[in-house]
Amino acid sequence: MILRLATILVALATAAPIAAQAPGPDPRPTYHFTPARNWLNDPNGLVYYEGEYHLFYQYNPHGDRWGHMSWGHAVSRDLVHWQELPVAIPETDVMAFSGSAVIDWKNSSGFGRDGKPAMVAIFTGHDPKAKNQSQYVAYSNDRGRTFTRYGKVLDIGSSEFRDPKVFWHEPTKRWVMVVLMAAENRAMIYTSPDLKQWQYASSFGPAGGRGRYWECPDLFELPVEGGAPGEKRWVLSINLGDNAVGGGSGGQYFVGDFDGTRFTPVPGWGSEPQWMDYGADFYAAISWNDLPKNDPRRIWIGWANDWRYAESIPTYPSRGAMSVPRTVALRKTAEGYRIAQAPVRELQALRGSKRETKVTLGETPVDLPIEGGAVELQVDLDTGTAEQVAIALTDGQGYQTLIGVNPTVNEVFIDRTRSGPYFHNGFANRHVAPVDLSGRKVSLRVLVDESIIELFINDGTQTITDRFFRGGGPLRWSVSARGGTASMNATAWPLS
Ligand code: FRU
C-alpha cells in the first residue's frame, strides 16, 4: 500500500507541472491537410479525376468531436496544396461512414451523363437506431461537388459491417469490394458488374492477423522491387481498432495474390502480417484510385491521429489532420515482402534553402541549424561507439520529444514521454521500430509539422508517425550521443 502511494506521488510530481501548463502555441500543422473547422477522421474516397486529387474524409460538420459523420471534401492539383470544399455526402437517416470512390469510366452503373463518367462513392451507412451497417452508393456528375444518393446496395443484417474499398479489376472485368466484418476480423470480398448488384466471392481472416476489430481495408497490386522479373504481388492492408502497435493505433498488411475473387497470402514469406507503421498516429490509410495516366505510383494517405486521444488534443480550431500523401512500394527483402513508404516527391516544392551539418556527436548536445516547426530533415547516422543517439525537440519550458536510435537493442524510436499533457494517459509513449543496426548505420528522413512527426527509416522500410506537443517556446533542435561517439551528416530544409 505504502509502495503504491509512493508511486502515485512520484507520478503526480512528474506529471503535474506539464499537465498544468497551457497547450502552448497553435499546434495546427501547416503542410498537412486540416479542415478549417470541426472534426476529421479517416480519409475516404480517394480518387483522381480531370486534374484533381480528391480527398474525402470522415467529418462532423457540427462540431469538433466525433458525430454526425459525413464526407468532408478537399481537392488538390499537386498533392501539396488542398482546397476545402463543402460537405460532399451529409448525414441523413444514416451516418456516412468510411468508404471509397471510383470513376465509372465505362458507365457500367448508368450514372454517367452527357457521355461523361460518374464519380461513384461507396460508403457504409451507419444506422444507430437499427444498429445496422450496410453499404450505400451515391454518385456525382459534377466532379464530386454534389452527390445524389442512389441508396443501399449491400445489407447482410450486421451491426459491424463497414468501410468498403472498391476498385476495378481489369482481368475479370468486375468491380471488387473489400469490406470488413469488423468484430470478426474478417475481410469479405464481393464483386459487381455495375456497382449496384454485389455478389459474395470469398472471405479472408483472421489468418494470424492481429486486432480486436478490423477497420478500413485496402487491396492493391504492386511490382516487387528485387523480386523475380515481372513479379507482382497484392497488398491487403487492414487497420486495427484496438491500438495494437506498441500501444499505438495503426494497421497491418498481408502480401499475397488476388485473382479477382480470392486473396491468398504468399505461403511462408508474406503470410505473417507486418505493421504498416510503428507509431500511434497513422490510421485508416487508403490509396488513390485512378492516378494520372503514366503515373505508375501507388499513393496513400492516413489519418494522423489515434482514437484514444484524438478528441482531447487541442483544437486549432479544427480537430484532426491527415498524414502527408505517401508512395507505397513493395520490396523483397531477406525477411520477406515489405512495403516501403516515402513522402510524395511533390512535397519537395515546399523546401526552402538547405542547411547542411557534418558533426561528431558526444554527450554535449549540438544544436542543429533548424528554425521553426515545419521542417524536413535528412540524417545519415553512423552510431559509432555510442549506445544511443537522440535528436531532441525542445521548447525551453520542459517539453521534449526525442527521435532516437539505440544500436545496442536494434531500435529506432520516438519518445514523447514529455511531449505534452495529452499523452499522460497511461499508454505507451515510446514507439519503437525494430531495425537491424549491427552495421551501426541508419538513415532517417524526418518530416515535422508543428505537432506531427513522420519518421521514415532506411528509405521508408519502416515508419513511425506520432503527434507531439510543446509549451509556449519556439521549437529547438539538438542532437547528442550517449556512451560513446557517433557521426552524423544532416541536411535540413524549412518547409513552407
Ligand atoms: C475508423 C472508423 C471506421 C468507421 C469510421 C467512422 O476510424 O471507426 O471503421 O467507418 O471510423 O467515423
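Two residues are in contact if their C-beta atoms, placed from the backbone, lie within 7 Å. With that in hand, let's explore.

This is a predicted model, in which local features need pLDDT of at least 70 and side-chain atom pairs count only at pLDDT 80 or more, while totals for chains, interfaces and linings use all residues. Residues are numbered from 1 along each chain as its sequence is written.

**Exercise 1. Describe the protein chain as a whole.**

Step 1: Turn to the contacts. Of those with a separation of 6 or more in the protein chain, 62% come from residues 24 or more positions apart.

Step 2: Look at the extent. The C-alpha trace spans about 70 × 55 × 50 Å along its principal axes.

Step 3: For 496 residues a compact globule would have a radius near 23 Å, and the protein chain agrees, with 23 Å.

**Exercise 2. Find out why strand β25 is described as largely enclosed.**

Step 1: A residue is buried if 20 or more other C-beta atoms lie within 10 Å of its own, exposed if 12 or fewer, and partly exposed in between, with C-beta atoms placed from the backbone. Across the protein chain, 47% of the 496 residues are buried.

Step 2: Apply it. Strand β25 covers residues 388–394, and because 6 of its 7 residues are buried, β25 is largely enclosed by the rest of the structure.

**Exercise 3. Identify the strands that pair with β25.**

Step 1: Recall the rule: two strands pair if DSSP finds at least two bridges between them.

Step 2: Take β32 (residues 476–482). It pairs with β25 in the antiparallel sense over 7 bridges, and Thr394 has Arg476 of β32 as its bridge partner.

Step 3: Take β26 (residues 400–406). This strand runs antiparallel to β25, joined by 6 bridges, and Val389 is bridged to Val405. β25 and β26 form a hairpin with 5 residues between them, and Gly396 in the turn has a positive phi of about 70 degrees.

How values were computed:
The radius of gyration is taken over C-alpha atoms; the globule rule is 2.2 Å times the number of residues to the power 0.38. Helices (H or I, at least four residues) and strands (E, at least two) are DSSP runs, numbered from the N terminus.
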